[in-house]
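Have the viewer open and follow along.

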Amino acid sequence: MSTVNPLPLWQPDPQRIAQAQITRFQAWAAAHHGAPAEGGYPALHRWSVDHLESFWQAVTEWFDVRFGTPYARVLGDRTMPGAQWFPGATVNYAEHALRAAATRADEPALLQVDETHEPRPVTWPELRRQVGSLAAELRALGVRPGDRVSGYLPNIPEAVVALLATAAVGAVWTSCAPDFGARSVLDRFQQVEPVVLFTVDGYRYGGKEHDRGDVVAELRRELPTLRAVVHIPLLGSAAPEGTLAWSDLTSADVEPVFEQVPFDHPLWVLYSSGTTGLPKAIVQSQGGILVEHLKQLGLHCDLGPGDRFFWYTSTGWMMWNFLVSGLLTGTTIVLYDGSPGYPDTGAQWRIAERTGATLFGTSAAYVMACRKAGVHPARDHDVSRIRCVATTGSPLPPDGFRWLHDEVGDDLWIASVSGGTDVCSCFAGAVPTLPVHIGELQAPCLGTDLRSWDPEGRPLVDEVGELVVTNPMPSMPLHFWNDPDGSRYHDSYFAVYPGVWRHGDWITLTSRGSVIIHGRSDSTLNRQGVRMGSADIYEAVERLPEIRESLVIGVEQPDGGYWMPLFVQLAPGAVLDDALLDRIKRTIREQLSPRHVPDEVIAVPGVPHTLTGKRIEVPVKRLLQGTPLEKAVNPGSVDDLGLLRFYEELARKRA
């Protein structure tokens, strides 16, 4: 595995290495904290995981993290789950996100872009003023530390202001994108019982306006804990009766007051779906996210005040939260609200040109779509300011690396990164001082003791194993909401290898130190970076009287594509005709998410189960990826082995 690509596709030149913040950090950490002065990134990484407390102390000092009260020690208890970071310290995330307002008065903090592709700036002082005004109004509404504040919002400046004002107050932010249907949103928000809801009247996507008035009305009816609903007239409609107008809450000239909260005080709730039950409501801390994102964005992404940071994302995906954290480094962040391919496939490159993006983040699927459509970014656009193209959502295939190198620039740093909603960060990915090899992530991230393990917990090199993390990370969840005994949290990550985080990805650590991700080792659906559990699909589809049972599978394909078939066992007398096909797709689009409409709907003789009655998803996924039946499943665990022959034969025909 490690000798497949002996020559790198790209190598940073000596000047780039010398100027990288991670190089300067290593020299400083060597002088002040005992880090190795020589040996480059591999030596720094080894030190960062072997001396975890020294490393994270160095991060807080290097980035001048301001503690309201000092910490007693860096790591009080390192047991996973439940590691205690910086006990005794108080901090505020929003205070750090707005620090650059003091020194960059005339520069944009945000560049708002819609489908016209014309950037509209929001300066640092204006962002700080709006946050101050809104935070004061939230306090006037009775919002207190620990209360939940929710947003049903697209990727617009108002969403950033609302998040930062919530954090300033010490309340807990949570958001969903407005393309989510009411049921999907309620499955998330009802768990956390928000007291304030920020909403839009609709959104624009693909050249069309999408009214969300009915969905907002349903959310208001079904969220009884709401004390206030704030209306943002994106499509220009009047505020519904009983709502507050956004402009009234953000017009005052008020200095923000930053509540100093404990390091492990909740910052936001993100949602990630397993295969059964409601989406997991993942709680991450103000301090943990602050230091993890400073490390990730400042050191790994090499972002600073001169940069412009674009990532195509929605507020329903962790990458939006990650994008907002670009503000921590003094970087201008680009907020694009619209279709990734409107009016044509090259749209995101046009946005990069118009905004002067220096770090261009997108999905592997978009890169492959550009390649397939014959897009030529460097020929048709000025993309000369892009230093790095970063991709996530799924592994970037080798052809994607080659296409970016050939069509964007031969001196282009290509950073395929991999992490998860669960930590709102990366386990492996961007390192500005290391070479890039085709099809590989550059290295595990600092402070992340990333390993590949076999089923018995033995480490593997140059072989496929389970992605595990053997040291705590500050941004690991505090807990899941409504998981009082912590059992769901424990079972999600720590049941397979006690005390060690198992993420659910297949991974290879190469002997050169790079990383290869092979996709999910579980059955979570990952569509365009937005993860959804199969249970959501089943609940919606199986309400249709014609559907007896269903099975949905997300299959990562060798060319970088993602095939998501829905298998349906029909009720007696039902026929999978065009009318039923349309109703199935419409049900998923309207009740869940347009992203999760299946690529194909296939009638099957039956759905296989375990002996305890659980649908067999992972073995079917393995069959569809070409794994022989005898290796894909334990025959003794299946209620009807004959049913699996159907899926095995389908895989053979597709191959």
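Is N482 buried or exposed? N482 is exposed, with a relative accessible area of 57%; here buried means under 20%, exposed over 50% and partly exposed in between, using a 1.4 Å probe and protein chains only. A word on the ground rules: this is a predicted model, in which local features need pLDDT of at least 70 and side-chain atom pairs count only at pLDDT 80 or more, while totals for chains, interfaces and linings use all residues. Residues are numbered from 1 along each chain as its sequence is written, and side-chain values use heavy atoms, with hydrogens and water left out.

- As background, most residues other than glycine have a negative phi, and most peptide bonds are trans.
- N482 has a positive phi, near 55°, and is a residue other than glycine. Its place is the loop between β26 (479–480) and α17 (487–493); helices (H or I, at least four residues) and strands (E, at least two) are DSSP runs, numbered from the N terminus.
- H117 isn't a glycine either, yet its phi is positive at about 65°. You'll find H117 in the loop between β4 and β5, and H117 counts as buried because its relative accessible area is 2%.
- The M80 to P81 peptide bond is cis, with omega near -10°, and P81 belongs to the loop between β1 (75–77) and β2 (84–85).
- Y342 and P343 are also joined by a cis peptide bond, with omega about 5°. P343 is in the loop between β17 (332–336) and α13.

**Helix α6**

- Buried residues in α6 include W124, L127, V131, L134 and L138.
- An α-helix has 3.6 residues a turn, so residues three or four places apart point the same way.
- The cover over the buried residues of α6 includes α5 (93–97), β4 (108–113), β5 (120–123), α7 (157–169), β8 (196–200) and α10 (246–249).
- After α6 comes G142, with a positive phi near 90°.

**A parallel strand pair**

- Strands β34 (residues 565–570) and β35 (residues 600–603) run parallel and are joined by four bridges; two strands pair if DSSP finds at least two bridges between them.
- Opposite V568 stands A603 in β35.
- From β34 the chain crosses through helix α19 (residues 578–591) to β35, a right-handed β-α-β crossover. Right-handed means that, with the strands pointing away from the viewer, the path from the first strand over the helix to the second runs clockwise.

**Rings and a charge**

- The count comes to 33 aromatic pairs. Rings of Phe, Tyr and Trp (its six-membered ring) pair if their centres lie within 6.5 Å; planes under 30 degrees apart count as stacked, over 60 as edge-to-face and the rest as tilted.
- W47 and F55 make an edge-to-face pair, 6.1 Å centre to centre with 85° between the planes. W47 is buried at 6% relative accessible area, and F55 is buried at 0%.
- W349 and W403 pair up in a tilted way, 6.1 Å centre to centre and 55° between the planes. W349 lies in helix α13 (residues 347–355) and W403 in helix α16 (residues 398–407), so the pair ties together parts 54 residues apart in sequence. W349 and W403 are both buried.
- Ring pairs link a cluster that includes F25, W28, W47, F55, W56 and F263.
- R654 puts its charged end over the ring of W563, 3.5 Å from the ring centre. The rule is NZ of Lys or CZ of Arg within 6 Å of the ring centre and within 35 degrees of the ring normal.

**D264 and H265**

- D264 lies in the loop between β13 (261–262) and β14 (266–272), and H265 lies in the loop between β13 and β14.
- D264 is partly exposed at 47% relative accessibility, whereas H265 is buried at 12%.
- Not counting residues up to four places away in sequence, D264 touches S285 and L478; contact means heavy atoms within 4.5 Å.
- Leaving aside neighbours within four places in sequence, H265 contacts P145, G146, G170, Q284, S285, Q286 and L478.
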